[in-house]
Each structure stands twice: as structure tokens, then as C-alpha cells.
Amino acid sequence: MGLFIFALIAGIALMNLWLRKQPFFPGRKLFVACTYSMILWLLAVLAESLSPSLDCKVFWAYAAWPAIALLPSCWALFLRRYAYTIQRPLGPWELVFLVAGPLIITAMAFSNPWHGLFYGDATRLADIDGHAGAVFDHGPFFELAVGYLYVVMGAAIGVVIAGIRRSDRTHQSYFIFLLALSVMPLVANSFYVVFGFTIAGLDPTPFAFTAVLGMIVWLIYTERLFDIAAIAKDLLYYGSWNSVLVIGADGRIIGGNPRAKALLGLDATRIGMPVESLPHLSDFAGTARAFAEDRLPESLKIGHRHMSVQVTPILRPFDYGAAPMGFLIQLNDTTELRLANMKLQAALNLNEIRLKEISELRDDLERQLLVDPLTGVLNRRSIEATFTRLADATRIEKSSFVVAIIDIDHFKKINDNYGHAVGDRVLRDFARLLRARLDVEWPLFRVGGEEFVVFFPRCRMEWAAELLDRFRSDLQTDAFPRLRDPVSVTFSAGLVDVDGENPGFSEIYKKADERMYRAKMEGRGRTIYWDDVLPEFRSDLA
């Protein structure tokens, strides 16, 4: 027994050294104080067991009481700080609780030779389990000391019970374990005091406390007393925003987290029932019998809530090829997400409509900017850009194109004789008929009152002149869709051939304009596309 106690002392001393080198945890100093108290208590127990005389045994019994009184006080405060993660220094009342009780009990024990109220005169030696042990005559002071220690241990147990009641389910198992550890020394001491139970003639209480301290140290070492990973797993189950339902291999309900219970009406009466007995889960009838993810629904509608579904098989440890032990069904509420997606899609559709309207308005504005509102042909805003584009293409293709200026003859007389309304209709009909004669790729511009410009890409001068001459002739025949108003319309035209060596638009336009005026000078109603000496004076030929 002496060697066993010595081994316990050595083990606790090593634990003490290890604890002093560990990172801080709440209540560490108090737990180290517990180990010191335990070492002193065991040393006193060892000395008492090895002492041959009654006086020595009684002395070492007195010597054990400071540690006996200090250990439960340190334990109670340690539990409170460790369980509730209290890191501030000890308060005044905690210091009084820690020091006052042990000092009073120590004084009561060591003063026993004067008053005899701690151990009475009937204390004697006796043969206990083959060993000479002391049988103590417990006096009233002893009963007070034991009562105080029971109160202290009761306070420690109360701390743990309060933790059980106040904590959520993710932490309750850890508080229950602390409760079991706190009750263990109390039970051992109760058996010793009430029934006289001993270990080799010795009080079993210190051995029970030693076991408790050893288990706490082991759990701190393995980080399992308050295992963060385990707590996180519990939080994922109990605190998850998903509804989690667990079913067994036979398809019967094993349990569910709080959100699943609220969503599906899962109460104690439904535990053990088939999963299809729950509303909205009839599609899961064959889940346990033949797990096939492709046959399970991807979503459910429960009331007005939309749920996405995820089913995970729970495999057997070390036998992954076997049938699953059960299944984890997670229902994720996607109602808000669906509503948000619908709102987003509606907003996108509205934006698309608005963008289309804006695009149409922009195109319309561009048309208004580039199109002559009376005739519907292009105006002069884009004429130079179009010329530059065609001239560049001409240089690349090594071809040519023709620029024609067309002016309606005697248009002023039409306005004077028939009015401006008729003149506007003549302009519209003339532009319409000319546009019908031209290729769709040939730009037509109205650049003045009765003046038009035509670009003939990849066209020879003679062809463009012949086309205009035919158009002029057809305007006078009944076979051609004539103008609506009873007026005779002719026009004069000047043409210029453009190639890669020709100058810019201004020069080309000036040259075509000069040829158009020459056509007017020579009698109107004709097309000029050759150069002659032009008169310096231009009379009013309009």
C-alpha cells in the first residue's frame, strides 16, 4: 500500500509539472492548487499508514486536514471558472471562501489535544484488513468539519447542475460528465463515514479525488473535456438553419433537430415510425430499402415553403461496402432565395425591356438626326463619313465609285404655282421613286431644298449616268409610277468618278456641283459627267 500511495504521489507531482507548462486555461492555478493539496493529503496518508504508534497516526491525521479542507474549496472554484470560462482574478468573497474554511478546520484539528472535540478519547489501534490502523472516535468538531466539506462539495455539484440547466444541448453532456466526477469523491467519503468502507484500512476519499484529478488532466491533455470539434458538430446539428432528420436502415425515424421538429411536427410519438408517415415525405418510402439519389426529389414544397433536399447515407465504420446504417435527410429552406431569384428575374426582365426601349429611342434619335424628316432619305450629317468609308474601300479594292448631285428643275415655280404643300409632296414622291430605282446599298442624301446626292459604289460613270437618264425618262411616261401631283418633273445631274487618287469630299462635291450647274446651263433635264470649261458667272437657274 505504501508503494501504491508513493506511486500516486509521484504521478500527481508529474501532472503538476506538466500543468505548469501548459497554455493558460480558465482556473488553471486553482487546479494546480488541487494537485498540491492532493500531494499533501497523500503524503499524510502515507505517513499515517507507515506509522506504528497511535500518537503518530493521530498526528498525521491532523496534518492531513489542511489539504482535506483546501482541496474541495479549490475544486469548487476551479469547476466554476473552467465550466463558465471565467478568467478574471479571484474576488474578495472567493478568497474568503478559499482561505477561511481550511484555516478554521486546521485550527480545530491541531487544537484537539486541548479540547478533545475533534477526535475523542476512544480513538484506538485495531487490526484492519491485516494492518494496524487507527479507529478514530469522531467528535463534534469532526462532524462540523465534514459537514462543511459536504457543503463545499455540494456547492461544486450545484455549479455543475446550474451549468446543465443553463446550457443548451451542445454542452449538456460535458456538464453531466463534470457532475459525475464531482459526485465520485463524495460517494467514496459517504461510504467511509456511514459504512466504514476502507481501502487497506485507509479512507478511500483521497484515492477517489486522485482518480478524478487524473481524469481531468487526461481530458485536458486530449482536449476532450470541452472538445471544440465535438461542440461544433453539435452546433451544426442543433443550431443548423437546415431541418435535419435521421432515419434508420429500416426507414424508421431516429430523431431530428429542433428545426425539423418544428417544420414536420416531429414529436416523441413519431419516433420509431416510418419516415413516410410524416407529411410531405411520402417520396422517401424507399430510401432505406434502395438508396438511389437519382430517384429522390431534389425539392419539396411544405405549405408555402420551398425546400431543397439532400440525403446522405450513414455508412458503417470499417465496412463501407455494406448497406448504410441509416440516412441523414437535410431540408434547406430556399423560399426566400426563390423569391429573391423571382424578384431578380423580374427586375432583369424589366431592365431588358427598358434597355430595349432605350435602344429603340436611341436608334430613333439617330434616325432623326441622320434622316431627312420630309423625304425619309439620309440628310447631310453623315454624308462625309459615308464618303470617307466608301473612298477607303475603293482604295483597298482598287475600284471606283460615282458621286452624283441631282437638282429638280424649276422647283421654285412649282412652289409658286401650286403651293408649298404640293412642293413637299413632289419632294417626297421624287425621293421615293429615286430610292426605288437605286440598289439598297447605294446611299441617297437630301442636302438642300430640292438637291439630292447619290453614291454609286463599285459602279462606272457611264452606268450611273445611264440609270439617271432612264429614271428621268420614266418620270414622263405613264408606264412608270408617276408623281401624284399633276406637274411635270425633270432634274439635272452632275457626276464625278472617285478613285484612290482623287482628293477629299469637298473637292469631289464641288466638282459634281459644277457639272450639275453646267447641266442646267445647257438646258436642264440632262446629266453631265465630263469636264468642259465652265463659265465664271452662274446665273440664277433655279
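**Figure 1. Packing of helix H13 in the predicted model.** The buried residues of H13 pack against strand E8 (401–408) and helix H14 (420–437). This view, like those that follow, is taken from a predicted model. Helix H13 spans residues 411–418, and its buried residues are Phe411, Ile414 and Asn415. Because these three residues cover an arc of only 95 degrees around the axis, they lie on the same side of H13. The other side of the helix carries Lys412, Asp416 and Asn417, which are exposed. Just after H13 comes Gly419, whose phi is positive, at about 100 degrees.

**Figure 2. The hairpin of strands E5 and E6.** Strand E5 comprises residues 299–302 and strand E6 residues 305–314; the two pair in the antiparallel sense over four bridges. Two residues separate the strands of this hairpin. Ile302 stands opposite Arg305 of E6.

**Figure 3. Pairing of strand E6 with strand E7.** Besides its pairing with E5, strand E6 is joined to strand E7 (residues 326–333) by eight bridges. Strands E6 and E7 run antiparallel. Gln310 has Gln330 in E7 as its bridge partner.

Figure 4. Phe197 is located in the loop that lies between helix H7 (169–195) and helix H8 (205–222). The relative accessibility of Phe197 is 44%, so this residue counts as partly exposed. The class applies because partly exposed residues fall between the cut-offs of under 20% for buried and over 50% for exposed.

**Figure 5. The protein chain as the setting of the close-up views.** The protein chain contains 16 helices and twelve strands. Of its 542 residues, 42% are buried. The chain exposes about 29500 Å², and carbon and sulfur atoms supply 60% of that area. Among contacts between residues at least 6 apart in sequence, 60% join residues at least 24 apart.

Methods
Residues numbered from 1 in each chain as written. Predicted model: local features only at pLDDT ≥ 70, side-chain atom pairs only at ≥ 80, totals over all residues. Heavy atoms only, no water. Buried < 20%, exposed > 50% of the residue type's maximum accessible area, 1.4 Å probe, protein only. Contact = heavy atoms within 4.5 Å. Areas by Shrake-Rupley, 256 points an atom, 1.4 Å probe, with all protein chains shown as cover. Pairing = 2+ DSSP bridges. Arc of directions from axis to C-beta.
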